[in-house]
Amino acid sequence: MPSCRPTLSQGTGPFLTNHAAVPLRSRIGRGHVLVGRVLRYPDCAPLRGAAVELWQESPNGQYNRRGHAGIVTGRAGTFRFQGPVPPAGYGRPPHIHIRVGAPGFEEVVTTYVLARGERSGRITIVLVSNL
């Protein structure tokens with residue numbers, strides 16, 4: 001398997017501290033599909049059972065429950081999220097905030113930025129053990 005590099009966390013995002021409040025769903029609308037993989041470092045093996053939290057702005061530019069979703073990765077460490085194309089706002093291009101965590105691993109917060117006109121995208125997130 002090829003080598004992989006840990007994903008650097010970008011710090012915080014619009015996330016709640018109460019993980020139980022994250023609605024478990026993989027679809028919040030139509031227009032854009034983001035597929036991803038969560039791997040563990042250093043062996044690049046898929047990480048099953050990782051919690052992937054996604055949050056994007058609603059059309060009115062607000063972060064609310066409508067743009068919030070949570071997914072648990074499957075056996076291959078993969079997830080699929082479908083939603084409307086997020087709006088650009090506050091001088092930033094359309095983007096989706098992503099927080100990924102799993103027991104025994106450091107949490108990662110990152111942002112997926114959509115290219116102009118993009119209707120589908122891919123992301124790989126690599127977690128590092130905290131043991």
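Strand 5 (95-101) and strand 6 (108-113) pair in the antiparallel sense over 6 bridges, where strands are DSSP runs of E with at least two residues, numbered from the N terminus, and two strands pair if DSSP finds at least two bridges between them. The model is a predicted one, in which local features need pLDDT of at least 70 and side-chain atom pairs count only at pLDDT 80 or more, while totals for chains, interfaces and linings use all residues. Residues are numbered from 1 along each chain as its sequence is written, and side-chain values use heavy atoms, with hydrogens and water left out.

**The hairpin of strands 5 and 6**
- His95 has Val113, in strand 6, as its bridge partner.
- The hairpin of strand 5 and strand 6 has 6 residues between the strands, and Gly104 in this hairpin takes a positive phi near 85°.
- Strand 6 is mostly covered, with 5 of its 6 residues buried, where buried means under 20% relative accessible area, exposed over 50%, and partly exposed in between (1.4 Å probe, protein chains only).

**The nonpolar core**
- The largest nonpolar core has 22 residues, and those with the most contacts inside it are Val38, Leu54, Ile98, Val100 and Leu127; such a core is a set of buried Ala, Val, Leu, Ile, Met, Phe, Trp, Tyr and Cys residues joined through side-chain atoms within 4.5 Å.
- At least two residues of this core come from each of strands 1, 2, 3, 4, 5, 6 and 7.
- Leaving aside its neighbours within four places in sequence, Val100 is in contact (heavy atoms within 4.5 Å) with residues including Val38, Ala51, Val108, Ile125 and Leu127.
- In soluble globular proteins, nonpolar side chains tend to be buried together.

**Val35 in strand 1**
- Val35 is found in strand 1, which covers residues 32-41, and is partly exposed, with a relative accessible area of 22%.
- Beyond its neighbours within four places in sequence, Val35 is in contact with Phe79, Arg80, Gly121, Arg122 and Ile123.
- The C-alpha atoms of Val35 and Pro46, which lie 11 residues apart along the chain, are separated by 14 Å.

**The protein as a whole**
- The protein has 0 helices and 7 strands.
- Of its 131 residues, 45% count as buried.
- Among contacts between residues at least 6 apart in sequence, 71% join residues at least 24 apart.
- Along its principal axes, the C-alpha trace of the protein spans about 40 × 30 × 25 Å.

Note on methods
Helix = DSSP H or I, 4+ residues; strand = E, 2+ residues; numbered from the N terminus.
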